[in-house]
Structure formats: structure tokens, C-alpha cells
Amino acid sequence: MAQETGGGFGRRSLLQGAAAGSAALTLPLFSGAAPAQARSGRPGAGWGVQVGDVTTSSGLVWVRSDRPARMVVQTSATESFREAKTTQTWRGPVLGAGTDFTGVTALHGLPAGEQIHYRVLLADPDDPRRAGEPVTGTFRTAPEGRGADVRFHWSGDLAGQGWGINPERGGYRIYQDMRSRNPDFFLCSGDNIYADGPITDRVTLPDGRIWRNVTTEEKAKVAETLAEFRGAFRYNLLDANLRRFNAQVPTITQWDDHEVHNNWYPGQLLDDARYTEKDANVLSARSLRAFSEYFPIRTLRPDADGRVYRVVRHGPLLDVFVLDMRRYRNANSPGRQTDDRQGILGAEQLRWLKRELSRSRAVWKVIASDMPLGLVVPDGKTNFEAVAQGDPGAPLGRELQIAELLRHIKHARITGTVWLTADVHYTSAQHYAPERAAFTDFEPFWEFVSGPLNAGGFQAVPLDGTFGPEQAFVQAPDRANTSPAETPQNFGEIDIDGGSGELTVRLRQEGGRVLFSKVLQPGRVGQ
């Protein structure tokens with residue numbers, strides 16, 4: 001387990017100090033610097049470290065400095081870094097204002113299935129002797145053989161609906177719950193921020209209690225400028241639980257709508273009086289740049305065009321297919337088209353997904369979807385936000401694209417597909433089967449929903465019968481936007497047995513309680 005060390009403002013003292021401070025709990029950002037680093041004479045990494053997109057032999061290490069700095073990473077087989085034979089030094093980029101002082105160093109040639117200890121050093125670019133305190137972390141590379149078990153968690157929706165970091169309840173406590181279970185990685189299913197959701201200093205709950213938030217200047221309004229998007233991503237890193245989690249658990253990160261605006265789609269002009277910039281294309285480009293700066297993602301770079309959708313291969317037991325159902329979709333509509341080539345994925349992403357699923361030799365193929373398939377998610381009174389539109393008949397609109405994908409999985413004899421998602425702010429399990437469906441040319445499969453991490457809870461939405469879903473489990477509040485103080489937050493857990501290949505899904509709530517579990521057998525088409 002990584003120790004929380006060096007280079008930053010006191011991670012516990014930040015929240016304790018905020019709780020003891022004024023009612024506003026306002027933390028100045030000192031032009032983007034971590035609070036206690038602003039007066040230091042050497043570069044500091046007070047925002048912690050992260051590792052992303054880990055494979056059997058590689059990973060991406062992320063850090064943010066409080067000023068221009070050269071990033072240097074050291075890796076070792078031991079936490080002490082005393083074994084010279086196993087210690088390597090990786091010279092990373094110079095971090096500057098162009099990337100909001102963030103940077104990523106790619107590690108290659110790592111041993112498979114091993115615990116890697118690392119430390120990040122930030123040095124003055126003009127004087128390497130002026131270096132800050134190193135910040136440490138650890139992660140496991142994916143196993144090369146089938147004998148090792150795999151565990152990972154997934155969830156989504158962080159700091160939504162005005163529910164931010166509340167020091168009085170210990171901040172984002174769910175990250176401590178997940179960290180204590182020592183997963184190999186965490187899959188974030190989107191809504192890493194709520195760019196369209198300002199954070200105020202206090203919210204009055206229905207029973208009269210007061211929810212108190214840590215606040216920052218950037219989170220006082222909706223995000224429109226690049227600086228405001230960057231500030232929104234920085235906000236979550238003020239939480240000590242999240243920083244400790246990032247130092248121990250690698251991430252696979254995707255995005256959804258609230259990284260930009262609720263229910264946005266390409267070409268949209270926002271009908272929202274809070275915004276001066278109403279072009280969703282402009283806002284999404286700014287958000288994607290900040291997103292690429294604040295998460296280590298193999299297919300994204302802040303200074304170049306890239307994509308969120310990708311495959312992360314985690315040894316012979318697991319491939320994770322990360323989708324982007326936001327950037328290539330058509331406009332939200334009633335969804336009754338009889339021909340829809342663009343759909344929710346776009347034609348190119350659909351071709352890529354079919355090709356990569358066919359190539360995969362992993363026992364399990366997790367399709368990380370940022371939106372559910374058979375849950376009816378509305379956008380206003382007549383339009384729909386996800387795939388389903390409430391018509392239980394033959395596929396229409398975006399359902400046509402999903403039908404094509406499911407047909408491909410069946411006829412290409414692709415085994416072990418499982419769909420994971422978040423988005424709807426409750427947890428559920430759906431089994432899809434052709435004998436219950438209007439569209440029948442597919443094999444049965446499961447979809448599991450988790451979340452939120454720290455956001456409002458919402459009522460369950462109806463199911464659409466086109467693909468024959470049956471809800472084996474659902475837990476949701478009975479009213480909209482219940483606070484994390486009223487409704488436990490949720491995360492999902494996947495365990496894959498290295499011997500049998502069995503995959504066990506557990507839907508857990510904050511505190512670790514298991515709400516629902518399901519064991520799936522390997523080797524079946526669909527699942």
C-alpha cells in the first residue's frame with residue numbers, strides 16, 4: 001500500500017483546516033497552485049500522482065506541479081528504492097503553463113504481474129539541484145498468465161448536483177472504501193466533473209441539516225473557459241481520499257456529458273442562460289483539452305487531436321473496451337428513425353469496436369459504456385439522451401446501431417461480453433435475452449449499472465423492451481437529487497478467478513455492503 005508522502009499541502013490537514021474555517025470553506029488557488037505549495041521555493045506536487053491505462057508491461061504516470069518543472073520518475077521493485085538492479089529512472093517532460101503544469105511520463109518494459117513502486121520528482125528546469133520532495137505511489141501491472149486473479153471497480157458521477165467535498169462527512173469517503181479492497185484498477189464510467197454544476201458553500205437538506213462544501217473560485221460558476229474547465233478537474237483533487245486512492249489504484253477513465261454540459265451533443269447550441277458561450281463544440285473542445293491534461297490516457301494528448309475510445313488489455317483474462325458515446329453521436333431526438341448510420345457511437349467507432357472485439361482473445365471482454373442500453377433516459381419532454389426511447393418494438397434510432405453490434409457479436413461467436421455503465425445515479429443489474437425481445441438476432445448478455453460516487457441520487461427509469469431486458473436488481477431513491485448524506489453512494493466490483501475464469505459481479509454501496517452479486521461462466525457467446 002502506498003504511503004501518502006511529500007510534496008504537497010497536508011492532505012488530512014486540508015480538510016480538517018477547511019472544516020475549522022469560515023462557513024464558506026473557501027480555498028484560494030494561488031493562480032492554480034496547490035495551497036501550501038504557493039510559498040515554496042521548489043516545485044511541489046501537492047495534487048498527488050496518478051497512473052493510467054496499465055497493461056502487462058506499461059503504464060502512464062501523471063503529476064501536476066505548482067510551477068515550471070522537469071518531471072522525473074523512478075520505479076523500483078521495492079518501496080525503499082534501495083535495490084539498484086530493479087530501480088529505473090525515466091526522464092519526463094517539462095511541465096508548463098501550456099498544460100496547466102500537468103504532465104505524463106510513459107513507462108515501458110515493466111515486468112508483468114508485479115507490484116511497481118514509483119516516485120515522481122519535480123526539479124527546476126534550469127537548475128536540477130532545486131527539486132521538491134518526491135511523491136510516491138504504487139500499482140500492479142497486469143498478469144501475463146491466466147493463473148492470477150483480477151479485481152477491479154467501476155462507478156461514475158463525481159461532485160454532481162451541487163454535492164461537493166464535504167469535510168464534515170470526511171470528503172469523498174467512497175474512495176477509501178474502494179482503496180481498502182485493493183483493486184488492480186478503477187474504471188470511471190464518466191461524469192468525472194460537473195462542469196455545468198457550480199459548488200456553493202452550503203446546501204440545506206430537507207430535514208434542515210446543512211451540507212457544507214469546500215469551494216473554489218472556478219467552481220463558483222459553470223465552466224466556459226479553459227481555465228474554468230481546468231479548475232473543475234482540479235477541484236476533486238482537493239479531496240485527500242481521492243489523492244490516496246490515485247496513489248495506489250490505476251485508472252481507466254472515460255467521459256460523458258457533464259464534463260461539458262448536461263445531455264450535450266455535437267453541434268448543439270445551448271439553451272441555458274448561465275452561459276455566454278453557447279456552442280457545445282467550443283465548450284467540448286476546451287473540456288477535452290482539460291480532460292486530457294488531468295487524466296493519463298494513452299490515446300489522448302493535450303497538444304494533439306486524440307480520442308477517448310480505446311482498448312486497455314489487462315492480460316489474458318480481460319480486455320476493457322472504453323467507449324465514447326458523446327463525441328460522435330447524432331442530436332438527441334425522439335429516436336424513431338428507421339435508418340441511423342451515425343447513432344450514438346458514430347460509424348467509425350462502431351467499425352473499430354466490431355473489429356477489436358473480433359480480434360480479442362481475452363476470456364472476458366468488458367464493454368465500458370458511458371450510457372446504459374435499455375434504460376430510458378429522457379432529454380426534455382420528447383427527446384432521449386441514451387440508446388432506448390421507450391418503444392418496445394423493433395429497433396429504431398440509436399437502437400439500430402446497437403442491434404448491428406449485438407448481431408455481430410453473435411455471428412462472430414464473440415464470447416464473454418459484459419456491459420458496465422453508470423450515468424443514471426442508482427445501481428441495477430439487467431439481463432438481456434432474445435426470447436423476451438422484439439429484436440432477436442443476438443445472444444443473451446448482462447449489463448450492470450453503478451454510481452454515483454458523490455452526487456445526487458435519482459429515481460429508477462423505465463426499461464425499453466427492444467432487446468428484452470429483465471431487471472434482476474435495482475436500488476434507487478424515491479425522489480430526485482437525494483444528497484450523499486441521505487442516499488449511500490455506489491460502486492461495482494468485478495472479480496475474475498484466475499483458475500476457473502469465473503467472473504463475479506458485486507454491486508456495493510458506500511461502506512462496502514454487497515447489494516447484489518452474480519457469477520458468470522466463461523466461454524459463452526454473449527453471456
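The model is predicted: local features need pLDDT of at least 70, side-chain atom pairs count only at pLDDT 80 or more, and totals for chains, interfaces and linings use all residues. Residues are numbered from 1 along each chain as its sequence is written, and side-chain values use heavy atoms, with hydrogens and water left out.

Stop 1: A cavity is a set of points, on a 1 Å grid over the protein atoms alone, where a 1.4 Å probe fits but cannot get out; lining residues have an atom within 4 Å of a point. Volume is the space filled by probe spheres set on the points, which are joined across faces, edges and corners. Four cavities reach 30 Å³ or more. Select Leu158, Tyr175, Asn192, Leu242 and Phe295: of the 18 lining residues, they lie nearest the centre of the largest cavity. Its space is about 220 Å³.

Now colour by element (DSSP runs numbered from the N terminus: helices are H or I, at least four residues; strands are E, at least two). Strand S10 (185–188), helix H3 (226–236), helix H4 (240–246) and strand S13 (251–253) each give two or more residues to this lining. H4 gives the most, three. The lining has 12 nonpolar, six polar and no charged residues. Here Ala, Val, Leu, Ile, Met, Phe, Trp, Tyr, Cys and Pro count as nonpolar, Asp, Glu, Lys and Arg as charged, and the others, Gly among them, as polar.

**Stop 2: the second largest cavity.** Its volume is about 80 Å³. Select Ser333, Gly335, Ala386, Val387 and Arg398, the closest to its centre among 13 lining residues. This lining includes two charged residues.

**Stop 3: Asp100.** A salt bridge puts a side-chain nitrogen of Lys or Arg within 4 Å of a carboxyl oxygen of Asp or Glu. The count is 37. Show Asp100 with Arg64: the closest N and O atoms are 3.2 Å apart. Asp100 sits in the loop between strand S4 (88–95) and strand S5 (102–107), Arg64 in strand S2 (residues 59–64), so the pair ties together parts 36 residues apart in sequence. Arg234 is in helix H3, 134 residues from Asp100.

Buried or exposed? Asp100 is buried at 8% relative accessibility (buried is under 20% relative accessible area, exposed over 50%, partly exposed in between; 1.4 Å probe, protein chains only). Arg64 is buried at 1%, and Arg234 at 4%.

**Stop 4: Glu493.** Show Glu493 with Arg508, closest N and O atoms 3.1 Å apart. Glu493 is in strand S23 (residues 490–496) and Arg508 in strand S24 (residues 503–509). Glu493 is buried at 0%.

Technical notes
1 Å grid on protein atoms, 1.4 Å probe; cavity = no way out; pocket = protein on both sides within 12 Å on 5 of 7 lines; lining within 4 Å.
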